[in-house]
Amino acid sequence: MSIAKHVLTKNTTFDDNSRTEVLIVVIMDAINEFNLLTTNAQQIESNCFELMVKELLNEVKVKDKLLLKINDWIKQFESKLRSIKSSKSYQLTDQLWCKSLKVPIIQEPFEVNGVFNFETPKVIKIIGSYDLKTLIGPQIVVDLAVEIPTECWQRQDNLNHRYFRKRALYICYICQMIKSWELIGDMKFTYFNGNHMKPIVLVTPSDQHLAKRFRLSLTAYPKSDQKVYRLIRFIPEKNNVRSNWFNINDSISDDFATPIYNSSILQDMNLILNYEYLAKTVEHNQHIKEALIMLKIWLKQRLLKTEFCFPLSLFICHLIERQKINNNLNGIQIFRNTLLAISTSKWDTEGISLTDDVYESIDYYMTYFPLVFIDISGHHNLCWDITIDQYNRLRHESKLTVECLDSTDRNSFETIFIKSISFELKFDILFHICVEPLLKCSKVTDIRNDIIDNCDDIITAFVGHLVPLFRRVVDKRVSLLQHKSKSYDSCEWTVDESPPHPNDRKYLTFGLLVDEEYSYNNIERGPLADTTEAKEFKDFWGEKSELRRFQDNSICEAVYWDAKKLCEKRQIIANSLKYILSNILEIPTDSLLATTSLLDPLVSLTNLKFENKNTIYGTSEEFSIALSHRFDSLAKKLRTLDGLPLMITNIQSIDSVFRGTDVFPPIPLNSEKSYKYQTNVNLFDLLIDERVPKYFKPLKVILNLEGSGKWPDSLDAFYKVKASFYVEMAQKLSEQFGLISYANTDYVDIYEEGFVFRVIISLHKELVLLRQMTTSDGQIKRIENKLADDLENTFEVLPKINSALNALNRKHLCFGITCRLVKRFISAQMLSYYFEDIVLDLLVAYIFLNSHPYTVPNSPVCGFFRFLSLICEHNWKISPLIVNFNNELNEETISQIITKFTKDRPNYPPMFVVTAYDKQWSKWTQKYPDPIILNRFIKLAIVARNTLKYQLENPLEVNPKVIFRPDLDIYDIIIRLKSHQIPNQIQGIDFPEKYEFVVKDFNTEFTQRMPITDFHPIDKYLNLLRSCYSEFALFFYDCFGGRQIGVLWKPSVFESRSFTTYSIKGGILSSTADKSGTQNVVTNIEAIIEDFNILGEGIVSQIQVMTHNMSKRIVN
């Protein structure tokens, strides 16, 4: 700040006006410097992005050496193609000449007039990316287009599938002739852009090295012939498929339009014309070619390349013609401008054209197609086979990408070009319609004309009607809707196989992105009563529609969905779709499947029955909310306590239940009498009592007191005073509010309304005393103290993180249940001991805070699926995971974290998770997970992700518990537990449904004693095992009702060691000796197993030794 510095260093007195002028100068100078710094930062970020894009373009570029080989192969292939001799004429139904091949087209009905004869191709063109030099590797597909000569066509070949039959037979004849060539290694058929009437052949070279990198895509197109293929014959209003030929009732008129059929032929007729226009436009502009490559990669990663690659390439030509792209822009700028134009485009309402010489007006084409983009000929709609939902998805993705490009996100490059977006990961809800009942429904007859137009592709014909129907049903509840098109499941088949039928699909699948603002509304408000719109609304919704008066006193038609709990409200979208589809299409509801509640059973307790019939546990989110209210009530009582020595300044919750992420939130329970009790506290004897008592989880609360200089400077005296404070607090709570409290030296437990709150006092003085030591000469020295570090995290860091997570849970209603599913999964795989509870919440928070390239998950299934993908795909070895709440970490700090992490990687834990609140980076993962546990976790996540993906795609084969069941065969020992000693056995994954547990209503008469708190016999047993035998084995357990403990011996157990005082622990003398003659010691496995049984008396029912695992490890 040169000006500011100069002004401020003057020793001059100023009047008010002078001061104002100087202040303005200082402020303006500061703003200019800030803007300069910001610009520099953005410039650096932009330069980094450009470098990464440049590297990407170099990476996908095909090497010149490979191109030369491909060129040589294609020249030989073209030469041989031209040598194929013409054939004699055959009737179209006479196909005996191709005995060794199957005609790659569905021929229904088979009978059709016309003659086929093969004529030697005169024109063979390389088109597409190879010719434009916009290829992307590593797998290269070169498009070769063969022109079918005029001599192959007859009049009226435009009618009744004759064009498609001849085209398929022409390709089939070529395949028959070339299959024995030495050049050819393999041939397969596939459909062009998923169109079942347009087969193409994929040719693989015989050269093995070339075959790994390159395939040829051979297609055919008709030569322009004004006698047979006049453009006027294929305008949308024309009919080219006669209904009487299609075996439909003769009473149906032939004059219905076939715009889809016509456009499919027009696409081939104008293929070369449109391609040459594209090639001419981009021929001499390398920046446009780079933008095309980026656009292709972008579309490929979003699985939109099949539908939009060619139209968007021509759209760039359109932008150039409209001067929205000029020669001064680089590739990245052209790419951004293209996406920006797409995101704001209106092809569905206004349409566009590459030429002003359009055969008919845009409005004319809008009556036949949902989208209009007229090609250079002025006759053909390039978007003839693109549905409105696919276009909306393209605009949606374009908008997200532009936002990402304009942001300062350092991961924007990876987000845009590297991450692959699967259909299942993209959408919050997948809604499946079983195809078999859809094909049989009565509405098929209502769309006969569309079915004929789509060449008997009933599913595609239905999509055009279902998409607007879905949109009308879900309205504002869903921000994006898309069907899963055939191109997602690209199929290839050998030349001797029959082609797949387009109707041979199990499901028609729709993806829905939920709008959280509206999706939980119980009422769908319709139009005002007694209007035309109201009658339409009532006719549409039927008996679900009813008149309702709203707060603004208006009376409207409305639909009410009876859903009280969040888990029920999440199903409103699916239920509304099922209701309409079952009524309109008459499809059975069991053939309509949604993934909304797929994983709900994993966090539900169906065996739990409440004495109050109106209480339902469900997915228990409401219990977490109610518990937060109970905490607020307790906090109010604590703040109003009279007579405490110090005033309470703050009360903070740190338990996971208060941030909505506790897997099974506690329910209010009565403190029933036990066999023994002392004062006002219940007691329990494991060896006498038949069943373990109810489990009361203590809900931890941090209490801050006002500062005082009267606290002792001696640590022992400090703890005694603190303990007396707990006693005093318990007495005051009992006297003033009648609460049952139990004071301990480290906390006070308060039993209120069926819950136990554990209040812990946080004092900074305690941290100071722990971190100081008095030297021999009486001086006070600061020292490092692990206990102080742990307390600091508990008292200062954890409340901040808990608050941030709670805010995230309130903002996104699916955050809490996603965390619960994650913890349920990790515990079910018996790994919960190795992951801090807060770490798992932070991992899920990362997904919600860094959703790009997706949107924020708005369903539990989507959130859990994204979590599994994060674990599988994140590179834990080289990348820290930074959870940046409210963007409190600026770019400079993030850069420092990454730099330090990279430089000192060996000094940091395998899983590095950091927040803005951390006093010590990744404190929660310092001990666990270690590399072995993390590697195991990643492998489990990969298997779980693949299984979940399969179940999402095949909803009739759903069994989500498969994902959560552990593999017990990997363990050396299985310790079976007595079920009646597991207090939370009802939470088990496979707990029998026939058993029910009745929960009595909370009654104040049972609150006379403090319940037995935090007593879980299995946890106590595990702690004992780990404290005694952690050097010999690892212990694994599912803390949510697990019935067995898995034991895995450490490799050192099977090794002999020299006899010493320390090595004899857990060992026995062996028959071998070391080099010095000292007798060796081996681990006494049998004795340790016996110890397991002794220590678990009353808890352990059986110990199973997996001899096959142990014998393998001993041998190894």
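User: Two strands pair if DSSP finds at least two bridges between them, and strands (E, at least two residues) and helices (H or I, at least four) are DSSP runs numbered from the N terminus. This is a predicted model, in which local features need pLDDT of at least 70 and side-chain atom pairs count only at pLDDT 80 or more, while totals for chains, interfaces and linings use all residues. Residues are numbered from 1 along each chain as its sequence is written, and side-chain values use heavy atoms, with hydrogens and water left out. With that in hand, how many residues lie between S23 and S24 in their hairpin?

Analyst: Happy to start there! Strand S23 (residues 740-743) and strand S24 (residues 748-752) run antiparallel and are joined by four bridges. Ile740 faces Tyr751 in S24. In the hairpin formed by S23 and S24, the number of residues between the strands is four.

User: By what angle are neighbouring strands turned against each other, on average, in the six-stranded sheet?

Analyst: This open sheet has mixed pairing and the order S3-S4-S7-S6-S5-S12. S3 and strand S12 (492-494) each have a single partner, so they stand at its edges. Inside the order, strand S6 (residues 195-205) and strand S7 (residues 214-222) run antiparallel and are joined by three bridges, with Leu202 opposite Ser217 in S7.

User: At about what angle does H5 run to S6?

Analyst: Angles here run from 0 to 180 degrees between N-to-C directions of axes, lines fitted to C-alpha atoms (for helices, over the stretch in contact). H5 lies across strand S4 (140-148), strand S5 (184-192), S6 and S7. Its angle to S6 is about 15 degrees.

User: How far apart in sequence are the parts tied together by Phe118 and Tyr173?

Analyst: The structure holds 62 aromatic pairs (ring centres of Phe, Tyr or Trp, its six-membered ring, within 6.5 Å; planes under 30 degrees apart are stacked, over 60 edge-to-face, the rest tilted). Phe118 and Tyr173 have ring centres 4.5 Å apart and planes at 20 degrees, so they are stacked. Phe118 is in the loop between strand S2 (115-116) and strand S3 (124-127) and Tyr173 is in helix H5 (residues 162-178), so the pair links parts whose sequence separation is 55 residues.

User: How do H11 and H13 stand to each other: parallel or oblique?

Analyst: The axes of helix H11 (residues 331-343) and helix H13 (residues 388-406) come within 8 Å and cross at roughly 135 degrees. Contact means heavy atoms within 4.5 Å, and the contact residues include Phe335 and Leu339 of H11 and Leu394 and Val402 of H13. Angles under 35 degrees count as roughly parallel, over 145 as roughly antiparallel, 65 to 115 as roughly perpendicular and the rest as oblique, so H11 and H13 are oblique.

User: How many of the residues in the contact of H8 with H10 are charged?

Analyst: Helix H8 (residues 271-282) and helix H10 (residues 305-321) have axes that come within 10 Å and cross at roughly 55 degrees. Among the contact residues are Tyr275 and Leu278 of H8 and Phe310 and Glu321 of H10. Ala, Val, Leu, Ile, Met, Phe, Trp, Tyr, Cys and Pro count as nonpolar, Asp, Glu, Lys and Arg as charged, and the others, Gly among them, as polar. The contact has seven nonpolar and three polar residues, and the number of charged ones is one.
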